[in-house]
Amino acid sequence: MGAALSVFVILSVSVFLIRLASVALRITGMTDDSARFQALSAFSGTGFTTREAETITNYPVRRKIISTLMVIGNVGLVSVFATVVVSLVQTDGESQAILRQV
């Protein structure tokens, strides 16, 4: 139960951070759609090469926002994996306990 709660909290914080970055990008003058898409692609690490992405690299504040979001996205991914691994290790290999965790 604790692992599921941890994953839920991590995902909730991730969604919040993407929205926060999207708002920060909008404050710098980006459109709603572009800001949302660029924040999501930076957080997920996909990094599409578009004209919009070029506008981010040419603007220091946007570059800082996106750089921070890239690092936080990787930390969130590692946290989810660590939570899942720890929850499965705590089962001591019992198939019933593993099924309950999953």
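In which helix does Phe8 lie? The points below answer this and then take up the rest of the structure.

1. Phe8 lies in helix α1, which covers residues 2–27. The residue is exposed, with a relative accessible area of 54%. Together with Leu5, Val9 and Val13, Phe8 forms a nonpolar patch on the surface. The accessible area of these four residues together is about 380 Å².

2. Standing of the model. The model is predicted, and its confidence should be read before its details. The mean pLDDT of the chain is 82, and 84% of the residues score at least 70. Helix α2 has the highest confidence, at a mean of 90. Confidence is lowest in helix α5 (residues 95–101), where the mean is 65.

3. Overall architecture. The chain contains 5 helices and 0 strands, so that its elements, taken from the N terminus, read α-α-α-α-α. Of its 102 residues, 28% count as buried. The chain exposes about 7,100 Å², and carbon and sulfur atoms supply 67% of that area. Among contacts with a separation of 6 or more, 51% are between residues 24 or more positions apart.

4. In soluble globular proteins, nonpolar side chains tend to be buried together. In this chain, the largest nonpolar core has 12 residues: Ile18, Ala21, Leu25, Met30, Ala35, Ala39, Ala42, Phe43, Ile56, Ile65, Ile66 and Leu69. Two or more of these residues come from each of α1, α2 and α4 (60–89). The greatest contribution is that of α2, which gives 4 residues.

5. Ala39 within the core. Ala39 is one of the core residues. Apart from neighbours within four places in sequence, Ala39 is in contact with Ile18, Ala21, Ser22, Leu25 and Leu69.

6. Is Arg19 buried or exposed? Arg19, found in helix α1, is exposed, with a relative accessible area of 61%.

7. Ser41 in helix α2. Ser41 is found in helix α2 (residues 32–44). Why does Ser41 count as buried? The relative accessible area of Ser41 is 4%, and the residue counts as buried because that value is under the 20% limit. Beyond its neighbours within four places in sequence, Ser41 is in contact with Thr46, Gly47 and Phe48.

8. Gly47 in the following loop. Gly47, one of the contacts of Ser41, is placed in the loop between α2 and α3 (51–57). In contrast to the buried Ser41, Gly47 is partly exposed, with a relative accessible area of 45%. Gly47 and Met70 are 23 residues apart in sequence, and their C-alpha atoms are 9.4 Å apart in space.

9. Salt bridges. How many salt bridges does the structure hold? There are 2. In one of them, the side chains of Arg26 and Asp32 meet at 3.2 Å, N to O. Both partners are partly exposed: Arg26 has a relative accessible area of 32%, and Asp32 has one of 40%.

10. Asp33 forms a salt bridge with Arg36, with 3.7 Å between the closest N and O atoms. These residues are separated by about one helical turn, because they are 3 residues apart in helix α2. Asp33 is exposed, with a relative accessible area of 56%, whereas Arg36 is partly exposed, at 45%.

11. Ser79 and Val7. Ser79 lies in helix α4 and counts as partly exposed, at 27% relative accessibility. Where the sequence is concerned, Ser79 and Val7 are 72 residues apart along the chain. Their C-alpha atoms are separated by 8.3 Å.

Note on methods. Residues numbered from 1 in each chain as written. Predicted model: local features only at pLDDT ≥ 70, side-chain atom pairs only at ≥ 80, totals over all residues. Heavy atoms only, no water. Buried < 20%, exposed > 50% of the residue type's maximum accessible area, 1.4 Å probe, protein only. Contact = heavy atoms within 4.5 Å. Patch = residues over 30% accessible without salt bridge, like charges linked within 9 Å, V, L, I, M, F, W, Y side chains within 5 Å. Areas by Shrake-Rupley, 256 points an atom, 1.4 Å probe, with all protein chains shown as cover. Core = buried A, V, L, I, M, F, W, Y, C linked by side-chain atoms within 4.5 Å. pLDDT = per-residue confidence, 0-100.
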